[in-house]
Amino acid sequence: MFVSRSMTRKVITVSKENTLGEAQEQMRAHNIRHLPVVEADNRLVGIVTDRDIRTAMPPSLIKGQDDPRARERFAQLTVADVMTPDPMTISPSHTLQDALLMIQEKRVGAFPVVDQHGKLTGILSVRDLLRAFTNVLGIGQPGTLLCILVEEKVGQMKRIVDTITEEGISFGSILVARYWEEDKRAVFPYLLTNNVIRVKQKLRDLGFTLLDPMKWYLDQLPKNE
Amino acid sequence: MRRTGFLYDQLYLLHDTGPYHPERAERLLAIHQGLKQAGLLPHLIPVPAHPAEMKWIQTIHSEPYIRRFEEHSLGGRRTLDCEDNQMCPATWEAALLAAGGVMEAARMIMANEIDNAFCAVRPPGHHAESGEAMGFCYFNNVAIAARYLQQTWDIERVGIIDFDVHHGNGTQHAFESDPTVFYYSIHQHPSFTYPGTGREFEAGKGAGHGFTKNSPVLPGQSDDEYRRLIEQDLLPAFKRFAPQVIIVSTGFDAHADDEMADMRLTSEGFKWIMHAIMTLADQYSAGRLLSVLEGGYALERLPELAADHVRILLEMAPTTPSAP
């Protein structure tokens, strides 16, 4: 559920000195709309989008007219002329929920993912997010996330759902994920309540293991090199 | 030693949330017992609980909501707005006494009758929205006290610090457009726990932009992470803002033994936080500090945590901040 798990790692980048034509070619070749702008040491300095480039393009070229002077002017423009310097970024340890809400809030199409040293480590676009959120979740409502470890056998989910329902608690969503042990599953019910102490105890009494959600994620995060 | 007020009233115990509810009267009994056994009660100045006047409740809550709450409670309904909010006929009066008691403690601080205060109230308040009860909260005691201070005592800038393990959505929303009240909250990350707000980018709106600050903490973190975030986020913000009074939403539910969330604070960590807040109050607010109970559900831990908290307010030895 962290950005590091869903971002695109092989980032296509440009440098400030690249021409807009070169940047455009990169976008076309990879079917993308955002190019992070980096220095030689991979430090992020800006972002350029297809929209930035189109805005800088003379109208005659957009219409496909043969206009050598306009073409020459445009050819002299570089990424540095149109990029957004110091763009909004996100860190690998932000959650996908963070990213979803930030993208809505800031009205951007992608966030460069930057580590604590300012180095570009990936990019997270709306496309990445949509993919990650295809199966997700009622996070707009107040609630609490539990993380339950269950053996993979028929009827386990029913016991969990029954226990929670008996407590009069509504579900925001339930996410079921693979666990590293072959015959186990991690179940994440998002409960629309603040009142989770008793339901947690009941689940334990039934023999379920409640996991610290952080532990489950942390072990899957790439190690800090 | 400082003159520390202590707000507590038997009527707070009558707010009955039914069997098995974590926000229960035993919480206050445990806190009271803890202060008594630590020999602290004789050092504290009692703050009487009066019911809040309606005009002060109305500074934060909408008319229809106030009416609905009164009707539901006095009419014998068991819940308000959500299953979480269990109540009884005495809840209405307890909520008025909680808000009014906190206001009285604020008055005593401003009248120089006490230096600071700890308000052991129920029901808690920081999730209560203008028009909705949420997360065991009905009236937002802290928000109401902030408005009371501004409108009665010529206070321009109120700083609110909320270290309950849950984000205080009600308090944030009450002041998010208001540059005269700074709301700072440190809490378990909203992707994992109630109420699902309090992300870093929630920083206030319009004229209030920059006067809300949230420090979400990922599950399982402990004293070091709280200390790092408070030093990084809270201290510089309050240095710029220079609050004239500090109100604290005190929650003990980030403790490692509290089942409500997944935080791992130790008792030493809580002490460090409170020392840091005392230092802020001395630096900017002439020591004026109003601590108001929100959550905290580990009954076996509350006596010790409350006694530590009050000892720091009283400035009793040992006074040196201990590193967590």
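I count two residues as in contact if their C-beta atoms, placed from the backbone, lie within 7 Å. Helices (H or I, at least four residues) and strands (E, at least two) are DSSP runs, numbered from the N terminus. This is a predicted model, so I note that local features need pLDDT of at least 70, side-chain atom pairs count only at pLDDT 80 or more, and totals for chains, interfaces and linings use all residues. Residues are numbered from 1 along each chain as its sequence is written, and chains are lettered from A and ligands numbered from 1 in the order in which they are written.

Entry one: the helix pair.
I looked up which residues of α4(B) meet α5(B). From α4(B) come B:Ala98, B:Ala99, B:Val102, B:Met103, B:Ala106 and B:Met110. Their partners in α5(B) are B:Asn141, B:Ile144, B:Ala145, B:Tyr148 and B:Leu149.

Entry two: the whole chain.
I find nine helices and ten strands in chain B. Its C-alpha trace spans about 50 × 50 × 40 Å along the principal axes. Of the 324 residues in chain B, 60% are buried (20 or more other C-beta atoms within 10 Å of a residue's own, C-beta atoms placed from the backbone). I also looked at contacts in chain B with a separation of 6 or more: residues 24 or more positions apart account for 76% of them.

Helix α4 of chain B (residues 91–110) and helix α5 of chain B (residues 141–152) have axes 9 Å apart, at an angle of about 40°. That makes α4(B) oblique to α5(B).

Notes
Axes fitted to C-alpha atoms, helices over the stretch in contact; angles between N-to-C directions. Parallel < 35°, antiparallel > 145°, perpendicular 65-115°, else oblique. Buried ≥ 20, exposed ≤ 12 C-beta atoms within 10 Å, placed from the backbone.
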